[in-house]
Amino acid sequence: MSMQYRAAVLHAVQTPMSIETITSAALKPTDVLVRIRAAGLCHTDLEVIEGSLRYPLPIVLGHEAAGTVEQIGSAARGVKVGDHVVLSWNPHCGQCFHCDRDAPILCEQYLGEGPKGGAFDGEGRTRLSDGRPLQQLMFMGSFGEYCVVTDQQAIPVPKEIPFDRACLIGCGVMTGAGAALNLGAIAHGDTVMVIGCGAVGLAAVQGARLAGAGAIIAVDIDPAKLVLAAKMGATHGVDAKKEDAIAIGKRETKGRGVDVVIEAAGSAAAFRVTTEAVRPGGQVIWLGKIDVNNDVAFRWGSLMQ
Ligand SMILES: NC(=O)c1ccc[n+]([C@@H]2O[C@H](COP(=O)([O-])OP(=O)(O)OC[C@H]3O[C@@H](n4cnc5c(N)ncnc54)[C@H](O)[C@@H]3O)[C@@H](O)[C@H]2O)c1
Ligand SMILES: [Zn+2]
Ligand SMILES: [Zn+2]
């Protein structure tokens, strides 16, 4: 049976979202209906609102959420009604070229269907009250009372975790902590620089701490973010508006440069700092993004070694 619920709809870039009653189609066999209990606003949602990340409109944004499973399709696996779940925006087919190589983030179906704004099977699930099709960001669209996802996107979590914290795992924590713990080759005692201390960067700071980093240099243009970063485990704070992060990185490493740099600011200036600040043979991880049609220039020497 189809159902109606309220959601925040973005009709045009650079305009406010409006709260409307929308219609969601009857569940398909592997669908899961989740009642959203908490959702985070990620910078990626903001990029769609601002227009630097282009999606078909109208759309329900939101891709970092937690809630309860209200209903499941006849063939949905891995979850049951009543489960508390964190939603994942990275469903993957499990059998394409990239899934075979353990890179679900590059899954052909995921990358092919994502920009269309439908569900993972390519078919839209939601409509506006006048019947026009409505897109869902990242196979989700969690800025609503409910959302419909495919079963593998609903990850059961212990009921003890408060929803407003569980939801952050879905994007910010996964991206930032995951970069430090899984992608980063952080060795015990390494010096790590995290540029941009928003949701993603603060999670990277915590990940670096867990990975055993020695010094963690947090860089932001907002001093309040540096206060938070210190609470999360940063050993140094650099106000990029007043101080030179590259020089401070060198000072802390006998002039070598830092071992691992994680960019979580989404700024061309910050991307340039990463390659200048890293030591020869060190590691740079870019998590932030800018408009995909823009160029970023690097000093060539900063890319050598
Ligand atoms: N790779 C992924 O899967 C993934 C997932 C989530 C977010 N992102 C991207 O990561 C970036 C961060 O996301 P977020 O939600 O944490 O954003 P956010 O807005 O919460 O945080 C960004 C931080 O960067 C700081 N900043 C901006 N320019 C800076 C500069 N030049 N130097 C230092 N700091 C600067 C801001 O003050 C802010 O604290 C965005 O570009 C977002 O699109 C990527
Ligand atoms: Zn996100
Ligand atoms: Zn795949």
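Visitor: What makes both faces of strand β11 (residues 192–195) count as covered?

Guide: On one side of β11 lie Val 192 and Val 194, on the other Met 193 and Ile 195, and all of these are buried. A residue is called buried if 20 or more other C-beta atoms, placed from the backbone, lie within 10 Å of its own, exposed if 12 or fewer do, and partly exposed in between. This is a predicted model, in which local features need pLDDT of at least 70 and side-chain atom pairs pLDDT 80 or more, while totals for chains, interfaces and linings use all residues. Residues are numbered from 1 along each chain as its sequence is written, and chains are lettered from A and ligands numbered from 1 in the order in which they are written.

Visitor: How do you know that β11 is joined to strand β12 (residues 216–220)?

Guide: Two strands pair if DSSP finds at least two bridges between them, and β11 has 4 bridges to β12, with the two strands running parallel. Within this pairing, Val 192 stands opposite Ile 216.

Visitor: What makes strand β7 (residues 126–127) and strand β8 (residues 133–136) a pair?

Guide: The two strands share 2 bridges in the antiparallel sense, with Arg 127 opposite Pro 133. Both strands belong to a closed barrel of 5 strands with mixed pairing, which runs β1-β2-β7-β8-β4.

Visitor: Why are α4 and α5 described as oblique?

Guide: Helix α4 (residues 163–183) and helix α5 (residues 199–210) pack at an angle of about 45 degrees, with their axes 7 Å apart. Angles under 35 degrees count as roughly parallel, over 145 as roughly antiparallel, 65 to 115 as roughly perpendicular and the rest as oblique, so α4 and α5 are oblique to each other. Their contact includes Leu 168, Gly 172 and Val 173 of α4, and Ala 199, Val 200 and Gly 201 of α5. By class, this contact has 13 nonpolar, 6 polar and no charged residues, where Ala, Val, Leu, Ile, Met, Phe, Trp, Tyr, Cys and Pro count as nonpolar, Asp, Glu, Lys and Arg as charged, and the others as polar.

Visitor: How do you know the direction of α5 relative to α6?

Guide: The axes of α5 and helix α6 (residues 223–232) come within 9 Å and cross at roughly 25 degrees, which makes the two helices roughly parallel. Leu 202, Val 205 and Gln 206 of α5 meet Leu 228, Ala 229 and Met 232 of α6, and these residues divide into 5 nonpolar, 1 polar and no charged.

Visitor: What makes β9 and β10 edge strands?

Guide: An open sheet of 5 strands has the order β9-β3-β5-β6-β10, with antiparallel pairing, and β9 (146–150) and β10 (154–156) each pair on one side only. The twist averages 45 degrees from one strand to the next. On this sheet packs α4, which touches β3 (31–39), β5 and β6, and its direction makes about 95 degrees with that of β5. Strand β5 (residues 65–72) and strand β6 (residues 84–87) pair over 3 bridges in the antiparallel sense, and Ala 66 stands opposite Val 86.

Note on methods: Axes fitted to C-alpha atoms, helices over the stretch in contact; angles between N-to-C directions. Contact = placed C-beta atoms within 7 Å.
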